[in-house]
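Reader: I would like to learn how to read the surroundings of a ligand and the pairing of strands, so please take me through one case.
Author: Gladly; here is the model we shall discuss.

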Amino acid sequence: MYALLSGLWKYMFQKDEYFVLILGLDNAGKTTYLEQTKTKFNKKYKAMNLSKVTTTVGLNIGKIDIGSTRLNFWDLGGQEELQSLWDKYYAESHAVIYIVDSSDRERIRESKQAFDLLITNEALAGVPLLMLANKQDLEGCMTVGDVRKIFRESSHLIGHRECMMAGVSALKGDGVDEGIDWLVQAVQRNNIHRPPTQKDITR
Ligand code: G3D
Ligand code: MG
């Protein structure tokens, strides 16, 4: 009886909380992606005008609830001088979303370098990785296949983590739901290695 009641209590008032880092170069679309995700998954969230998103200097945070799972997002500034702050968050994170600007051929190598640095960091070992080739709405941008080809060179560094690459348009919202659905399942599958924290929900 106790087990049943405590199970019900947990179902109703507790959530499994996961922390998700949103990383990528500045201008990749991280903040737009976070805003779009909050808009899609939080019924009550009053969407900001996505064209008014400004450069992130510190940290943007956001959360969404999917069933009894809560995802907390940390959208960190991507400018070179801010990238050195990324690893302060690695140990506490359960997943990484890495965003690439598919329309920026000039900086794709720079993006791959930043990516290589983060996935070889020990503190992120085994953490699921969602890679997003963003701005797919722009004509003439690199396709998901193009971006995949470049990042495939890093496949030996990715190791034994779950990894998915998908095309999205953070601005239009295309592909956002599918990625988040995958991520929720991936962090749950990785529960043994990175257990969630339990959070009492008061609202
Ligand atoms: P960041 O947080 O990674 O630095 P932002 O990136 O979210 O601030 O976005 C940088 C610029 O890219 C913004 O344009 C934003 O509107 C644009 N952007 C983000 N995602 C998309 C997308 O999917 N498609 C298109 N076409 N543009 C996108 P501005 O002009 O405000 O600098
Ligand atoms: Mg930003």
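Reader: Which polar backbone atom is 3.1 Å from an oxygen atom of ligand 1?
Author: A polar contact is a pair of N or O atoms within 3.5 Å; within protein, one must be able to donate a hydrogen and the other to accept it, and residues adjacent in sequence count only if both atoms are side-chain atoms. Here the atom belongs to leucine 171. Taken alone, ligand 1 exposes 660 Å², of which the protein buries 77%, with accessible areas from the Shrake-Rupley method with a 1.4 Å probe, where for residues only the protein chains shown count as cover. A backbone N or O atom of glycine 29 lies 2.9 Å from a ligand 1 oxygen, and a side-chain N or O atom of lysine 135 is 3.0 Å from an oxygen of that ligand.

Reader: On what conventions do these values rest?
Author: This is a predicted model, in which local features need pLDDT of at least 70 and side-chain atom pairs count only at pLDDT 80 or more, while totals for chains, interfaces and linings use all residues. Residues are numbered from 1 along each chain as written, chains are lettered from A and ligands numbered from 1 in the order written, and side-chain values use heavy atoms, leaving out hydrogens and water.

Reader: How do strand 2 and strand 3 run, and how many bridges join them?
Author: Strands (E, at least two residues) are DSSP runs numbered from the N terminus, and two of them pair if DSSP finds at least two bridges between them. Strand 2 (residues 59-66) and strand 3 (residues 69-76) run antiparallel, joined by eight bridges, and asparagine 60 stands opposite aspartate 75 in strand 3.

Terms used. Helices (H or I, at least four residues) and strands (E, at least two) are DSSP runs, numbered from the N terminus.
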